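Let's take a walk through this protein, starting on the inside and working our way out. Have the 3D view ready and follow along.

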Amino acid sequence: MDYQHITSFFEKFKKIIFQKNQIKEIVIKNISEIISYQIKDNWIDIKKNEVSLKTSPLLKNEILIHKKEILEKINKELPVDFKIINIK
């Protein structure tokens with residue numbers, strides 16, 4: 001029995017999951033570099049090209065102050081087919 005079609009099907013999902021984790025790492029790295037504070041993985045959620053912050057109001061304000069710089073830096077590192085358009 002040939003399982004090649006199933007393998008290729010699961011490869012698509014593997015790529016999507018890998019890409020999502022990779023994008024999250026890029027976002028965390030760039031935010032942490034710009035604000036000089038280490039951001040934890042569970043403080044960031046990415047949905048529909050937007051970054052949602054689950055942090056203290058103080059840290060969230062610091063990130064939003066540097067929003068334009070952060071977005072530019074993140075989008076330079078991301079693949080051409082995916083862009084972060086907002087941080088909220």
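Start with the largest nonpolar core, which has 22 residues. A nonpolar core here is a set of buried Ala, Val, Leu, Ile, Met, Phe, Trp, Tyr and Cys residues joined through side-chain atoms within 4.5 Å, where buried means under 20% relative accessible area, using a 1.4 Å probe and protein chains only. Val27, Ile39, Ile44, Ile63 and Ile84 have the most contacts inside this core. At least two core residues come from each of helix 1 (4-35), strand 1 (44-47), strand 2 (50-53), helix 2 (57-65) and helix 3 (67-77). Helix 1 is the top contributor, giving 7 residues. Helices (H or I, at least four residues) and strands (E, at least two) are DSSP runs, numbered from the N terminus.

Before going on, a word on the model: it is predicted, so local features need pLDDT of at least 70 and side-chain atom pairs count only at pLDDT 80 or more, while totals for chains, interfaces and linings use all residues. Residues are numbered from 1 along each chain as its sequence is written, and side-chain values use heavy atoms, leaving out hydrogens and water.

Now zoom in on Ile63. Leaving aside residues up to four places away in sequence, Ile63 touches Ile31, Ile35, Ile39, Leu53, Ile70 and Ile87, with contact meaning heavy atoms within 4.5 Å.

Next, look at the two strands. Strand 1 and strand 2 run antiparallel, joined by 4 bridges; strands pair if DSSP finds at least two bridges between them. Ile46 has Val51 in strand 2 as its bridge partner. In their hairpin, 2 residues sit between the strands, and Lys48 takes a positive phi near 50 degrees.

Note on methods:
Buried means under 20% relative accessible area, exposed over 50%, partly exposed in between (1.4 Å probe, protein chains only).
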